[in-house]
Amino acid sequence: MTNTAARPQLQYLHDALEELKAKNQYFHLRVLDGEQKPVATFDGKEVINLSSNNYLGLTTHPKLRRAAIDATRKYGVGSGAVRTITGTMKIHMELEEQIARFKKVEACVVFQSGFTANAGTVSAILGKEDLIISDELNHASIIDGCRLSRATIKVFKHKDLADCERVLKETENWPGKKLLITDGVFSMEGDIADLPKLCDLAERFNCIMMVDDAHSLGVLGNRGRGTIDHCGVHGRVDIQVGTLSKAIGAIGGYVCGSKDLIDFLYHRARPFLFSTSHPPSVTATCQAAFELLDSEAGEKLIKKLWANTKFFKNKLKKLGFKTGASETPITPILVGDAGKAFEFSRELFAEGVLAMAIGFPTVPEGKARLRTIVTATHKRADLGHAAEIIGRVGSKIGVV
Ligand SMILES: *Cc1c(COP(=O)(O)O)cnc(C)c1O
């Protein structure tokens, strides 16, 4: 039976959607036809794609594709169980060891996604007698993990070390454990956390230190080792989380740290215990991706990513756009009003550029923006062309 629309129980959802439409916050999903590439076809239209997290172009890399196909031939399509029952395959263990070596830590555990890695870890290691000190722009998966832990949550102003210290001083005699948690690169701003100073604070006030490196693996640090490497704080961050879904090009999340931390998560992290492990194709893809990262070919891709980033940021600045405090390939184009941001994005699409508008609740009300991300595989000519179109449409609708 498909005729559920008329049932009154869910009328309130329909009403909520109507309200979103009235506020110009309703969207349709853009549907990708074919591969995730710098020039790609969405909703039947070929556009320059400035909205993927595919930093190094690995989603379609021949070596990764080969690894996925070979693993499927060899091991099948699924793992058949959660990790703690019969769903731990040898390649799962090998990938974890490989990531730990790459990150220069004792141990690593892979989760189904970056979201479950964050949510599963914070909720496992803290309880309601504990305290979390969190940057106000931390990712939703951190926020959800904090809530699930039932610990007390204190938020400090974005990257504001004085405000962070104020919170730490006010809670100096907190009886439970304390966790200081931050994104390494902030996903909507593209700025980098001041990890050396945050580590100083964590050490001074006796906090567990945790960093989410979703947007810095494959982007920052020696061969893309992330913000811990970029900021020179090896050994000072207790818990490093990251994703296998962005620069790595596949899907998954990981947590890196001490053997005890990882062993504890094996025993207590709920997504690890209660949700099935990755299929062999995903794990083999990630193994191939880390092998590539830790090679000269990987270095070359990262260099290209940064050259493209500088080129594109310069273009946007020359056109007069406000791009906030970004220091990474994530470059927001600040608009303010959500309606206007969505209009900007729609017009750009019509002109051949995909740059998604981001509004509430992903960013605060009144801080809507277009979020652009260039990749290593964008062609200069396409980036130049995209900037030219953004400039033209932006001035037409009054953003610059
Ligand atoms: C994307 C993202 C995640 C979630 O990663 P997935 O693998 O997509 O679930 C977590 N944290 C940050 C900062 C992110 O940007």
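Predicted model: local features only at pLDDT ≥ 70, side-chain atom pairs only at ≥ 80, totals over all residues.
Is aspartate 294 buried, exposed or partly exposed? Aspartate 294 is partly exposed, because its relative accessible area is 33%, and buried would require under 20%, exposed over 50%.

**Figure 1. The shell around the ligand contains 15 residues.** Those that come nearest are Gly114, Asp212, Thr243, Ser245 and Lys246. By residue type, the shell divides into ten polar, three charged and two nonpolar residues. Helix H4, which spans residues 114–125, supplies the largest share of the shell, with three residues.

**Figure 2. Glutamate 96 and arginine 83 meet in a salt bridge through their side chains.** The N to O distance is 2.9 Å. The two residues stand 13 positions apart and link distant parts of the chain. Glutamate 96 belongs to helix H3 (residues 90–103), while arginine 83 sits in the loop between helix H2 (62–75) and H3. Are these two residues buried or exposed? Both glutamate 96 and arginine 83 are buried. In total, the structure holds 23 salt bridges.

**Figure 3. Aspartate 294 and arginine 223 join their side chains in a salt bridge.** Here the N to O distance is 3.2 Å. Aspartate 294 lies in the loop between helix H11 (280–293) and helix H12 (296–318), and arginine 223 lies in the loop between S8 and H8, so the pair ties together parts that are 71 residues apart in sequence. Arginine 223 has a relative accessible area of 22% and is therefore partly exposed, as is aspartate 294 at 33%. Arg223 and Asp294 are also linked with Arg225 and Glu299 in a network of salt bridges.

**Figure 4. Aspartate 213 forms a salt bridge with lysine 103.** The closest N and O atoms of the pair are 3.4 Å apart. Which parts of the chain does this pair link? Aspartate 213 is in the loop between strand S8 (208–212) and helix H8 (227–230), and lysine 103 is in helix H3, 110 residues apart. Why does aspartate 213 count as buried? Its relative accessible area is 0%, and buried means under 20%. Lysine 103 is buried too, with a relative accessible area of 2%.

**Figure 5. Four strands form an open sheet with mixed pairing.** Their order is S1-S2-S3-S12. Strand S1 (32–33) and strand S12 (353–354) are the edge strands, each pairing on one side only. S1 and strand S2 (residues 39–42) run antiparallel and are joined by two bridges. Which residue in S2 is the bridge partner of aspartate 33? The partner is threonine 41.

Note on methods. Residues numbered from 1 in each chain as written. Heavy atoms only, no water. Near = heavy atom within 4 Å. Nonpolar A, V, L, I, M, F, W, Y, C, P; charged D, E, K, R; others polar. Salt bridge = Lys/Arg side-chain N within 4 Å of Asp/Glu carboxyl O. Buried < 20%, exposed > 50% of the residue type's maximum accessible area, 1.4 Å probe, protein only. Pairing = 2+ DSSP bridges.
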